[in-house]
Amino acid sequence: MLQTLYDYFWWERLWLPVNLTWADLEDRDGRVYAKASDLYITLPLALLFLIIRYFFELYVATPLAALLNVKEKTRLRAPLNPTLEHFYLTSGKQPKQAEVELLSRQSGLSGRQVERWFRRRRNQDRPSLLKKFREASWRFTFYLIAFIAGMAVIVDKPWFYDMRKVWEGYPVQSMIPSQYWYYMIELSFYWSLLFSIASDVKRKDFKEQIIHHVATIILISFSWFASYVRAGTLIMALHDSSDYLLESAKMFNYAGWKNTCNNIFIVFAIVFIITRLVILPFWILHCTLVYPLELYPAFFGYYFFNFMMGVLQLLHIFWAYLILRMAHKFITGKLVEDERSDREETESSEGEEAAAGGGAKSRPLANGHPILNNNHRKID
């Protein structure tokens with residue numbers, strides 16, 4: 001049974017154009033080709049990335065935060081209350097008005113005190129400013145190094161300037177060591193992001209981030225299996241070109257350098273729009289959709305790769321919408337906020353003011369958040 005499934009999975013017609021077999025991609029005459037077994041190394045490398053990240057955040061990001069005067073905000077802790085704590089953990093973090101009244105009777109507190117307790121308790125669970133800064137520092141460092149390394153890998157290649165050469169001789173295209181390590185390191189990093197996403201700072205696009213990481217891992221892996229390596233290097237470098245700008249903007253925001261943060265964010269928005277909504281669909285996608293059909297009939301791998309590229313493009317449109325909303329607020333003089341995250345609640349709220357006025361319709365404020373202070377992925 002397992003052998004049958006294995007044979008079906010690696011059937012040449014799924015992965016390779018017609019009249020080509022895996023035998024055509026066996027190493028010979030000093031030429032080396034991409035193999036699925038090469039990717040086994042990415043899982044231990046992902047664990048190594050997590051270890052490196054731990055020490056980086058401890059010995060590099062934390063001293064850097066102190067140097068930039070990243071200050072923690074003092075938070076008032078919710079007093080111990082078993083009744084409210086049990087509801088918070090089992091039923092929800094934002095009780096409705098009827099639930100507030102019931103909890104008020106059960107705990108012996110006023111409705112206003114119950115709402116204040118839940119605000120403080122929610123704030124306790126929110127990640128600290130230092131945690132956000134350290135995460136942004138780690139991603140900034142990787143994305144910047146990856147972008148520089150990626151450009152070094154592809155800038156001297158003919159297909160960087162003429163995309164028809166991406167498919168020249170496909171799929172019998174030998175691989176060079178720089179391409180191998182570029183792929184292994186990028187894929188390992190995205191595995192590490194997927195492994196750590198549950199413990200990283202969460203934001204409103206948490207599900208989209210998971211979809212992005214999974215789609216990226218599938219795309220990188222599939223492009224390696226199907227020898228789409230040249231196209232893959234172009235796509236990875238394109239994505240890395242804007243991500244380090246976003247992470248640097250977050251770092252300056254946490255340090256309180258608002259003008260620097262906003263200026264970098266505007267540069268990031270411009271680069272993101274150009275790379276993700278112009279170059280990617282009109283150059284890269286055109287390259288992967290049109291040029292291959294000039295050389296061979298469409299096969300499953302062709303459709304699957306471009307479908308996954310379409311998923312990424314939809315995510316880019318979603319994130320571009322959020323970015324443009326933030327840019328609009330900046331241009332119109334309003335505070336630039338990250339549309340994907342929530343802001344820490346204050347002791348004074350509309351709900352309390354309504355309660356003070358005797359209103360029975362008081363509610364805790366909806367969540368909101370300062371600019372760019374939550375975890376990213378590769379906006380891809």
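**Exercise 1.** Are α8 and α9 roughly parallel or roughly antiparallel to each other?

*Solution.* Some ground rules come first. This is a predicted model, where local features need pLDDT of at least 70, side-chain atom pairs count only at pLDDT 80 or more, and totals for chains, interfaces and linings use all residues. Residues are numbered from 1 along each chain as its sequence is written, and side-chain values use heavy atoms, with hydrogens and water left out.

Step 1: find the helices. Helices are DSSP runs (H or I, at least four residues), numbered from the N terminus. Helix α8 covers residues 177-196, and helix α9 covers residues 206-225.

Step 2: take the angle. Axes are lines fitted to C-alpha atoms, for helices over the stretch in contact, and angles run from 0 to 180 degrees between N-to-C directions. α8 and α9 pack at about 155°, with their axes 9 Å apart.

Step 3: classify. Under 35 degrees is roughly parallel, over 145 roughly antiparallel, 65 to 115 roughly perpendicular, and the rest oblique. α8 and α9 are therefore roughly antiparallel.

Step 4: The crossing of α8 and α9 is left-handed (the near helix is turned anticlockwise from the far one by less than a right angle; clockwise would be right-handed).

**Exercise 2.** Describe how helix α10 packs on α11 and on α7.

*Solution.* Start with α10 (residues 229-254) and α11 (residues 258-289): their axes come within 8 Å and cross at roughly 165°. That makes α10 roughly antiparallel to α11. Their contact has 18 nonpolar, 8 polar and 3 charged residues (Ala, Val, Leu, Ile, Met, Phe, Trp, Tyr, Cys and Pro are nonpolar; Asp, Glu, Lys and Arg charged; the others, Gly among them, polar). The crossing of α10 and α11 is left-handed.

Now take α7 (residues 129-154) and α10. The axes come within 7 Å and cross at roughly 150°. α7 and α10 are therefore roughly antiparallel. Their crossing is left-handed, and the contact has 15 nonpolar, 4 polar and 6 charged residues.

**Exercise 3.** How many disulfides does the structure hold, and is cysteine 261 buried or exposed?

*Solution.* A disulfide is a pair of cysteine sulfur atoms within 2.5 Å. The structure holds 0 disulfides. Buried means under 20% relative accessible area, exposed over 50%, partly exposed in between (1.4 Å probe, protein chains only). Cysteine 261, at 0%, is buried. Cysteine 287, at 3%, is buried.

Key:
Helix = DSSP H or I, 4+ residues; strand = E, 2+ residues; numbered from the N terminus. Expected span 1.5 Å × (residues − 1).
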